[in-house]
There are 2 protein chains.
Amino acid sequence: MLEQVLRDIDQSHDASLNALKEFLAIPSISTSPEHKADCRRCAQWAANKLSAIGFAATARDTPGHPVVVAKNTHQPGRPTVLVYGHYDVQPPEPLDPWVSPPFEPTVRKTPDGHDAIYARGAVDDKGQTWAHMYALAMWQKHGGVPVNITFIIEGEEEVGSPNLAPFIAANKDELKCDVALVSDTQQFARGIPAITYGLRGLVYMEVKVTGADHDLHSGLYGGAVPNPANILCEILATLHDQSGKVMIENFYDGVIPLTAGERAEWKKLPFNDEKFFADLKLSSGFGEAGYSTIERKWARPTCDINGLTSGYQGPGAKTIIPSSASAKVSMRLVPNQDPKNIAEAFTRHIERVKSEKGWKGVKVEVHAHSSAPPALVPTDGPAVQCALKAMEIGFGEKPTLMREGGSIPIVSTFKSLLEVDTLLVGFGLPDDRIHSPNEKFDLDALFKGTRTLAALYALLGSLKT
Amino acid sequence: MLEQVLRDIDQSHDASLNALKEFLAIPSISTSPEHKADCRRCAQWAANKLSAIGFAATARDTPGHPVVVAKNTHQPGRPTVLVYGHYDVQPPEPLDPWVSPPFEPTVRKTPDGHDAIYARGAVDDKGQTWAHMYALAMWQKHGGVPVNITFIIEGEEEVGSPNLAPFIAANKDELKCDVALVSDTQQFARGIPAITYGLRGLVYMEVKVTGADHDLHSGLYGGAVPNPANILCEILATLHDQSGKVMIENFYDGVIPLTAGERAEWKKLPFNDEKFFADLKLSSGFGEAGYSTIERKWARPTCDINGLTSGYQGPGAKTIIPSSASAKVSMRLVPNQDPKNIAEAFTRHIERVKSEKGWKGVKVEVHAHSSAPPALVPTDGPAVQCALKAMEIGFGEKPTLMREGGSIPIVSTFKSLLEVDTLLVGFGLPDDRIHSPNEKFDLDALFKGTRTLAALYALLGSLKT
């Protein structure tokens, strides 16, 4: 039966693509209050698609955007797979660099000649969520999906999933499963599909320095009043030493060192530093001394400023002492750093710097946004073996095992609330520009990914429960 | 004759105020192209007023807004005073906080009970320019102004006077004078009128750090690529040491130290640190160690960030490595720092930090915006003595000598092109909120200022040429 399903997938590219375009055209930007209705519309679109193929599907209310939950008819004796995707997307700004508008999905060639679909959310994560929906649809045409599926599609991944863990906690019985499956990761490169077994975590903070209650004339007041922008920069400059090491006390506590085996395996991967940085228009990389680029991305923690804002930012000159200055600062964590400990260590660091420097007259506030623990999945279990096999069927290439530098907080939520491991079977490519203008998804990755998932359902369905 | 002129000024407050309201009602915002016609109308209004009292007055074209030039009938053997004012104003935004609209001049009580006229430009500089125009008018009614006057009123002060120096250079003979007189400064406080004898200069720079050609996902790239925001903060943090001293090499070259006499005089001024900072909602001041607040504002150079911009600045979290980060940085200079040398020292400093830190893969650019030299007027000359005497006549109080932290670039233009010193005889108050909503000019300052100028013309007229 899998053969027929794969053939159907191969012979209906246009039908799949046309439906994906509908999905991508909905501006489901979760962070924007003005797109609240679009998020609901997007959830309903997905629920309708899954209802149409015979799933029991609903868009459920949460205090934020809805969660779609869909199940096929339960088949006793077969394992249950919890498939997770998200329908929300990052804001498209800045708009200028987009070649085609972010919510007018457009198929065109990539700069190096591959067909791809361009839109915000193309690969993160509507395109990959759609690969599941389409693989499920094809199985439903051929006697039904050969495994029990619970499909949840959330609408708040890009804002830190504030309502998902409570939703899962409140619906544990309904979401009970044997394994979770998430397609929100990448291949190692074109031609090297991959299963991801390690993810970095995240702690996202904001630091705000406040001085006078309004911007002051820099001539009349400069020199006599504290300048929040000067002080913010002095604070942030203490976060690293010259070798790129993070200088927050206790920051590296619990970090599992890379094994000699991992370092050796990763060295074998066809990774070209020069091309990697040239693609970003960088003359060189820069990072912690003593580690390769792949090691820095996959297995070392970071501390990066994500945004700075203070005072006058227009063209030309305005002579003011800003009333306040603030920075978004996030840290990527690796196993087994603890997000709560790191957030506390960061806050202590800022407070210590403030008290050591002796600035007067300013308020320094530290605020925590979202956080997510790092994850490391055991690679020797039967589910991972199914995934490797499915990927070989889907792509016609032997996949590799890799880690990823990004965070998928849901992985640790599944572990703690549902007590299951997560398979990370994703199809993105390093040049997909997720979160950036001109996000895309290679059509080859979309269709081979759909094949992989179709095969994976069958392989997981044959495992003993 | 001065007695009669002063009496006329005292007995015609309403006439003066009504004309000033016409002047203030014209929205002569020099930075806005849509107010170009208003600027011309404002220049013509001033030229007409001066023509009406018998001056040869015209609004002269420049590549930007017109300059008004007006002269009384030349009286051989008498000195010539070049009076300078500006008819252009800052934009009124933000509009919300204005109690009465910025271009509907309104007389009402200040929060502490003094009558004042509220409007954009009330004190900076239409009100003070008008004080000259009215004092001149009163003298013309009584036999003529007893000194040769060349009055220039420019329309581009708030945008850096790009066309004024070329205009002066092209009309040197016509503008030849013995002394310049500018009313665009402040009293020390209510009840303490002042002659300003020192101004700080300005060098305004921009620093931009550029990394990859687009914002990058901080999970996928963080740790392996240079972060322009991290690097910008590390650069800017090198500008000061912990005691507030500026660490740019050669920065303090040429700074004239405060004299023991100045420090002693300034200590006697009724200045309350606590009230000064409480008015700004600051718990404390902060600045260079070893100097008082007044010394820091008037006589010490500064280096202040005026604006920071990088990456994500909206609410919540966005996990990106910004493609670039930039800062506006300005330095207030004191006599005898040289703006050109300081701009070069700043640029060298940034380049040195970059090369010492060894960051890779980023471009660091330094760009110079405007600059203005500092100024220090000798206080022992006869013209300053006339100004002190005139102010005592005008206000009925002994004035003090003070410096100011702001810059008035025209002072050094007069020095270099016309080889004259400038008298800074201004009537503003520290709570006038120039460049901010609810700008005002105390009526007491307006009328006593007009008296002061009437007396000053007479005193300067009696000096030997």
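Where in chain B does Asp125(B) lie? Asp125(B) is found in the loop between β5 (115–118) and α4 of chain B, where helices (H or I, at least four residues) and strands (E, at least two) are DSSP runs numbered from the N terminus. This is a predicted model, in which local features need pLDDT of at least 70, side-chain atom pairs count only at pLDDT 80 or more, and totals for chains, interfaces and linings use all residues. Residues are numbered from 1 along each chain as its sequence is written, chains are lettered from A and ligands numbered from 1 in the order in which they are written, and side-chain values use heavy atoms, with hydrogens and water left out.

**Relation of the two chains**
- The same surface serves both copies, as 99% of the contact residues of chain B recur in chain A; contact means heavy atoms within 4.5 Å.

**Salt bridges**
- Side chains of opposite charge can pair when their charged atoms come close.
- Over all chains the count comes to 48 salt bridges, each being a side-chain nitrogen of Lys or Arg within 4 Å of a carboxyl oxygen of Asp or Glu.
- Lys141(B) and Asp8(B) form a salt bridge (3.0 Å, N to O).
- Lys141(B) belongs to helix α4 (residues 126–141) of chain B and Asp8(B) to helix α1 (residues 2–10) of chain B, so this pair ties together parts that are 133 residues apart in sequence.
- Lys141(B) is exposed at 56% relative accessible area, whereas Asp8(B) is buried at 17%; buried means under 20%, exposed over 50%, and partly exposed in between (1.4 Å probe, protein chains only).
- Lys275(B) and Asp279(B) form a salt bridge, with the closest N and O atoms 2.7 Å apart; both residues lie in helix α10 (residues 273–279) of chain B, four residues apart, about one turn of the helix.

**Backbone features**
- Asp124(B) and Asp125(B) are joined by a cis peptide bond, with omega about 5 degrees.
- Another cis peptide bond joins Glu93(A) and Pro94(A), with omega about 0 degrees; Pro94(A) lies in the loop between β3 (80–86) and β4 (106–109) of chain A.
- Asn438(A), a residue other than glycine, has a positive phi near 60 degrees and is buried at 11% relative accessibility.
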